[in-house]
Amino acid sequence: MTQGPIPSPSRRDLLGLAAAAGANLAVRPAAAQAPVAASGPGLGDGVWICCEDSNTLVVVDPARLTVATTVNLTSFDEDPRPPFRFVTGGIVPTHGAMVQKPLYHGAISIHGAVPSPDSTMVATTGRGTSNLYLVDTATRRVVGNRPNPQASDQTSAERLTSGIFLGREPHEPTFTRNGRELWVTVRGEDRIAVLDLGKAREEAAGARPGHAIRGFVDTLPGPAHAWFSADGRRAAVISQKAPLIDLFDVAYDADGFSTARRVARLDIRAQDRFGFSPFLKLTPDGREFWISHKLADAVSVLPAEGQAITETIALGQQARPNHVEFVENAQGRAAYVSLARVDDGAGPGGVASSKLAIIDRAAPPGQRRVVAEVATGGREAHGLWVDPAGTRLFVAHEQDELPGTPDAGQTLCTVLDVADPFRPRFIDRIAFGDLALPSGGLRNKKGINLVFIRPGARSVTA
């Protein structure tokens, strides 16, 4: 049965709950199932973070906890003349003004990201440029970039591809389970763009615009995110404009290409009267979709084969949830939810920090709730991803650190030890730093999506 809205606990209630169970932990579940063992961060692994204001992808080395490289999705310094340069006359433009520079043809508002099923590629969306880029995870180079004919010590070595044009305001990309297609929610056009991945690589390299698009799936207003069931035959689509969820049955032809048929449109006003649900993800066991309702301060659970929300979990007033991630290991099963709200004095060292809500997933459906919160050590937590062993959790943040605090002026990725999912421990903060361009340093800024990629391994989209 669909459950009505649950009254949100007050901030005082949640703090009291956490305090009663000890610092940063709560009641341990009575029983938990351990997933298949996997190793922790290793050589070649990368934590990929979308930096929306700088239009870059920061890649963190999760073993060394340092920035390994920055993938440049701007077009600055491809030409030595002033209109093409990032820094002109010694003046560094603001992050807002830089994309208004004359003759800029780079990305605007890099936002969504997802790994391919075989982990060989990252797909990332430019909300402001209405396009999608593909990046090779082994070489960490943008697919389709070409050598710059004007290359010198005063210019970039490559010229940025135009990517694949999709339509107004693409938000999140999702690979089909067989890796033949990308589905990208196009929020400004109320539809999903379906791309042939092979042809997408060709279009990125210069094939005619529209070459990669197989077609569009009409869906609810403002589609924010789509995700597939474990067998790929059900797709759930959520919205940031209406309190609705669309469910599609998906069939595949002999070449692995999809045909989608909508089988249900769910009214979720009882769970999200604001109609602003930005993120969903399938649980590791393939049984449930978890959905964040940012303005309703809650997450909901939709059975993968069901047609009704069965559970809605309140997160506290002004929690403002962004993403959900699942931490599973020998010590238990938990869902972590990033909270955009920034609490004064909440982080390590008494600095302002966002928190993560921790939900006991082993509790019976209908009885799951927030059992603890933990400070992230950064401001406005957004993307979340755990390593394959389920022992380290990486968090991307949107806001810069405040003056007079560690890493002042920098945007952070923070790292938590979650070997015990109900006793998380802060490990470190990693400043995004700058992208070194020929004309000057471009500060990596505003972390949104975050994905952990292990080259050669199957990803969560497989």
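This is a short tour of selected sites in the structure, stop by stop.

The model is predicted: local features need pLDDT of at least 70, side-chain atom pairs count only at pLDDT 80 or more, and totals for chains, interfaces and linings use all residues. Residues are numbered from 1 along each chain as its sequence is written, and side-chain values use heavy atoms, with hydrogens and water left out.

**Stop 1: Phe-326**

Select Phe-326. It sits in strand β23, residues 321–329. Strands here are DSSP runs of E with at least two residues, helices are runs of H or I with at least four, and both are numbered from the N terminus. Is Phe-326 buried or exposed? Phe-326 is buried, at a relative accessible area of 4%. Buried means under 20% relative accessible area, exposed over 50%, and partly exposed in between, with a 1.4 Å probe and protein chains only.

Now show its contacts (heavy atoms within 4.5 Å). Leaving out residues up to four places away in sequence, Phe-326 touches Lys-281, Leu-282, Thr-283, Pro-284, Trp-290, Ala-334, Ala-335, Arg-361 and Val-386. Take Val-386 from that list. Phe-326 and Val-386 are 60 residues apart in sequence, yet their C-alpha atoms are 7.5 Å apart in space.

**Stop 2**

Select residues 234–239 for β16 and 244–252 for β17. These strands pair in the antiparallel sense over five bridges. Pairing requires at least two DSSP bridges between two strands. Four residues lie between β16 and β17 in this hairpin. Pick Ala-235 and look across to Phe-248 in β17, which stands opposite.

Which residue of β18 is the bridge partner of Leu-244? The partner is Asp-267. β17 and β18 also form a hairpin, with five residues between them. Stop at Gly-256 in that turn: its phi is positive, about 90°.

**Stop 3: helix α3**

Select residues 197–204, helix α3. Its buried residues are Leu-197, Ala-200, Glu-203 and Ala-204. They lie on the same side of α3, because they cover an arc of only 105° around the axis. The arc is that of the directions from the helix axis to the C-beta atoms. An α-helix has 3.6 residues a turn, so residues three or four places apart point the same way.

Next, colour the strands that these buried residues pack against: β5 (121–126), β6 (131–136), β10 (164–165), β11 (170–175), β12 (181–186) and β13 (191–196).

**Stop 4: the cavities**

How many cavities of 30 Å³ or more does a search of the whole structure find? It finds two. On a 1 Å grid over the protein atoms alone, a cavity is a set of points where a 1.4 Å probe fits but cannot get out; a pocket is an open set with protein on both sides within 12 Å along at least five of seven lines; lining residues have an atom within 4 Å of a point. Points are joined across faces, edges and corners, and a volume is the space filled by probe spheres set on them.

The largest cavity holds about 80 Å³. Of its 13 lining residues, select the closest to the centre: Ala-113, Trp-227, Phe-279, Trp-385 and Asn-449. Strand β33 gives the largest share of this lining, three residues. By class, the lining has eight nonpolar, three polar and two charged residues. Ala, Val, Leu, Ile, Met, Phe, Trp, Tyr, Cys and Pro count as nonpolar, Asp, Glu, Lys and Arg as charged, and the others, Gly among them, as polar.

The second largest cavity has about 40 Å³ of space. Its lining includes Ser-75, Phe-76, Tyr-104 and His-105. Leu-103 is also one of the lining residues. Select Leu-103, in the loop between α2 (95–98) and β4. Its phi is near 70°, positive in a residue other than glycine. Leu-103 counts as exposed, at 54% relative accessibility.

**Stop 5: the second largest pocket**

This pocket has a volume of about 310 Å³. Of its 20 lining residues, Val-71, Asn-72, Asn-145, Ser-156 and Glu-158 are the closest to its centre. Elements giving two or more residues to the lining are β3 (66–72), β7 (141–142) and β31 (434–437). β3 supplies the largest share, four residues. The lining divides into nine nonpolar, seven polar and four charged residues.
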